[in-house]
Amino acid sequence: MYQPNFSRRPSVLLVRLALTGGLSFTAAAGAQGDNNSLEEITVVARSQYYGNNMVTDSMKMQQSPMTSVNALIDNLPGVSIQEGDAYGFDDWSTTIAVRGFQNSLDEQQIGTTLDGIPNGGSSYGGGAKANRYLDTANLRTVTVSQGTADIASRALDALGGTIDFVSDDPEEEARVRFQGSAGEYDAERYYARVDTGRLRNGLRAWFSASHQSASDWVNGAAENERDHLAGKMIIELGNTDITAYASYDDTHEDNYQRLFSPDEFISNPEWDRLTDIWTGVPYVDQVYRRGWSTLRENMLAYIKANMEISSGLRLAFGGYYHDNEGRGDWIPPYLVDVVNDGAGPQSEVLGNARINGGSALGRIFFVDGAGNALSPRPGCTSSITFPYGGAGSEYDPACYAAGAIPVQSYRHTNYKKERYGFMLDGDWTLDLGGLDNTLRAGLWYEDQQRDETRTWQKLTDARVGIEFDNQPYWTQYDRTYPQEVLKWYAEDSVQIASLQLTLGIKQFLVDLERRDNFGETTDVKVDSDSDILFSGGVLWETPLEGLEVFAGYAENFKAIYDEILERPESDLDALEPETAENLEAGLRYRNGPLLLSATAFQIDFENRIIFLSPESAAGPDYLIGTNGTYFNAGGIESDGLELTADFQISDSLSLYGAFTLNDASYVGTGDAAVDAGLGIQPGNDVVGIPDQQLVLSLDWTGNRLAAGISGKHTGERPIRLDNSWVADSYTTVDAYLTLNGGGNWSVTLLINNAFDEDYLGGIAGEGAWIGAPRTVSASLTVDL
């Protein structure tokens with residue numbers, strides 16, 4: 001059996017760290033002013049009738065600039081971020097959980113926006129998380145609205161609230177910033193940004209470029225690379241502010257694999273069962289890491305204008321464009337027989353097959369020198385035991401005559417999405433009989449088209465490596481998914497003394513289609529409109545200075561999304577859009593250096609659509625039309641409590657803590673037979689949701705030095721729907737040390753998972769990815 005190589009080459013790492021210098025997140029150099037104290041963004045966000053929290057500068061400094069922006073929100077209450085890669089490479093293994101909701105490989109239930117612009121969905125197949133649009137060094141903060149969220153939020157999947165990633169504004173003074181980073185697992189990053197400073201008409205702008213690369217932490221086989229270009233501009237013209245942003249991101253990520261049984265983790269918690277050596281045996285080489293890849297290009301641009309029409313009347317409008325394309329790779333251990341060649345030779349082997357559509361006639365495993373398919377010797381038993389429990393005789397070269405040639409496919413799922421949208425928002429504040437009244441209203445329109453094709457290419461020589469023929473021998477399918485979205489909302493808030501009352505309504509009108517470009521299946525059109533959805537709440541500023549009490553209610557909605565239409569045989573009549581009723585109440589206290597908040601929430605999530613993956617301990621079914629299928633599976637009830645404390649102990653010392661208690665369980669479909677078929681037992685805990693989380697962080701800032709340590713405890717999380725496998729609780733600790741060179745340079749050393757905790761991270765499809773081990777990284781930031 002294959003044995004992984006766990007060498008981390010510490011001597012090489014130390015040399016590279018010495019050459020590059022320590023770590024500094026962009027905020028590390030800029031966050032320290034003349035008084036050498038951190039300019040902290042408060043973790044308790046705006047006064048709203050719903051819970052919301054923001055990322056602080058200290059949270060930024062606990063993460064490497066080489067990691068993704070997603071990792072920065074992990075210490076906020078109610079939030080759990082799991083990434084299989086030490087630096088956030090690998091969208092495949094990334095999961096985001098907020099209260100009882102998740103964005104993962106098989107579920108998208110949390111809305112994501114960039115500066116209020118919708119991200120177009122977070123799914124693996126044609127979606128994009130925030131790290132595709134925003135470099136970590138260009139982030140100002142992140143606002144997480146758990147549960148109720150802002151009524152104007154532009155997302156079709158915001159069942160569990162919205163995460164808004166806010167890009168950095170241009171500096172007031174001209175500046176040039178260079179940053180170089182290095183870390184374990186061959187990690188390197190180079191970043192440059194130019195700020196123009198304030199020019200005529202209040203014009204400010206910045207432009208940045210970065211390149212980073214790394215291998216995987218398991219066996220060093222991956223070739224991960226990312227190039228990112230971005231720019232932002234702000235113009236002040238009288239009563240109008242215009243903001244424009246554009247980014248381009250090109251990423252190649254080699255994936256990690258899930259474990260599908262607790263025994264796999266117990267036997268070796270540092271190996272995900274992907275290999276780094278090409279053996280020439282297709283059954284074994286189907287888990288060669290470089291054949292499991294995600295390639296993506298994303299370009300996003302927007303322009304927004306905010307106008308002060310008159311006293312109390314404001315108007316904002318804008319538009320955006322997004323282009324996404326890429327592919328997901330796998331290397332099935334056979335060729336698909338799609339041409340009836342009789343006795344042979346096989347067209348798929350000779351390169352003569354150019355088939356569009358149709359179905360598989362069989363599979364080809366080994367051929368002779370003329371390209372004729374071979375069969376194993378009768379009665380031969382395979383000696384291959386890895387992976388997926390072992391192979392049958394048809395996969396084993398020992399079961400064929402000498403000279404048999406193995407054949408193998410490189411399967412590409414090709415994604416492309418193009419979308420554009422427009423937004424209009426207004427708010428009007430007026431006096432109504434001595435009461436301040438604010439009316440908000442807005443529209444959002446988006447037109448998008450997602451294309452997906454699946455192509456099968458032959459490996460040029462499966463005995464040698466993963467090089468493949470560019471011309472596919474079979475294009476399995478070619479489909480297009482047009483979608484139009486119109487959202488409108490209206491909200492009124494009235495201030496009565498110290499009491500603010502808010503009531504709002506919104507509605508989503510969604511038209512979705514599936515077009516089969518090969519004409520093999522019936523085209524489908526789905527109207528997935530919502531009812532009129534209500535939201536509202538109360539915010540009371542109590543007589544006790546700094547203490548406010550809030551309560552909110554919202555009806556959230558998720559339209560049927562296009563991935564559900566991928567399987568032509570899916571019964572769409574049995575599916576309903578997902579809905580959730582969110583109720584929360586809490587208090588916030590602000591008094592000088594002390595910030596406290598407490599939020600209790602209750603969520604009823606109905607008509608839940610779950611994803612069932614074809615990939616299991618028996619191995620993947622590479623021929624399935626998509627990566628699984630979908631069902632309505634009743635719903636979820638989620639109740640919990642979130643506590644947050646932020647205390648500035650002195651000018652140089654601060655303490656932060658957050659505690660989350662969450663009881664999320666399945667309510668079932670109401671049909672015992674259906675529940676049993678789906679593996680759901682009403683009352684079982686929800687897969688992937690921790691029952692409790694605790695965060696404690698201590699940060700210190702001196703004249704030239706800054707340091708911090710943060711620990712997070714994550715409670716148990718079910719991996720399987722039947723709760724027969726539960727991931728153990730675990731605790732990780734991060735620490736950093738920064739040397740500030742007087743305002744124009746800084747060096748920081750960062751250690752993530754400092755005590756090298758073994759744990760299971762992201763969870764999806766009845767399996768779990770291994771969490772990244774201890775990772776040391778460093779960088780140098782210089783401002784000119």
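A residue is called buried when its relative accessible area is under 20%, exposed when over 50%, and partly exposed in between (1.4 Å probe, protein chains only). In this predicted model, where local features need pLDDT of at least 70, side-chain atom pairs count only at pLDDT 80 or more, and totals for chains, interfaces and linings use all residues, Asn-119 is buried, with a relative accessible area of 4%. Residues are numbered from 1 along each chain as its sequence is written, and side-chain values use heavy atoms, with hydrogens and water left out.

Asn-119 sits in the loop that joins strand 6 (117-118) to strand 7 (139-146), strands being DSSP runs of E with at least two residues, numbered from the N terminus. A polar atom of the Asn-119 side chain lies 2.7 Å from the backbone oxygen of Ala-128. Leaving aside residues up to four places away in sequence, Asn-119 touches Thr-112, Ala-128, Lys-129, Tyr-133, His-322 and Arg-419, where contact means heavy atoms within 4.5 Å.

## The largest cavity

A cavity is a set of points, on a 1 Å grid over the protein atoms alone, where a 1.4 Å probe fits but cannot get out, and its lining residues have an atom within 4 Å of a point. The count comes to 13 cavities of 30 Å³ or more, and the largest has a volume of about 480 Å³, a volume being the space filled by probe spheres set on the points.

The lining of the largest cavity has 28 residues, with Gln-63, Asp-74, Asp-734, Asn-752 and Tyr-759 nearest its centre. Strand 2 (79-82), strand 35 (705-714) and strand 38 (730-740) are the elements that give two or more residues to this lining, and strand 35 provides the largest share, four residues.

Definitions and conventions:
Polar contact = N/O pair within 3.5 Å; in protein donor to acceptor, adjacent residues only side chain to side chain. 1 Å grid on protein atoms, 1.4 Å probe; cavity = no way out; pocket = protein on both sides within 12 Å on 5 of 7 lines; lining within 4 Å.
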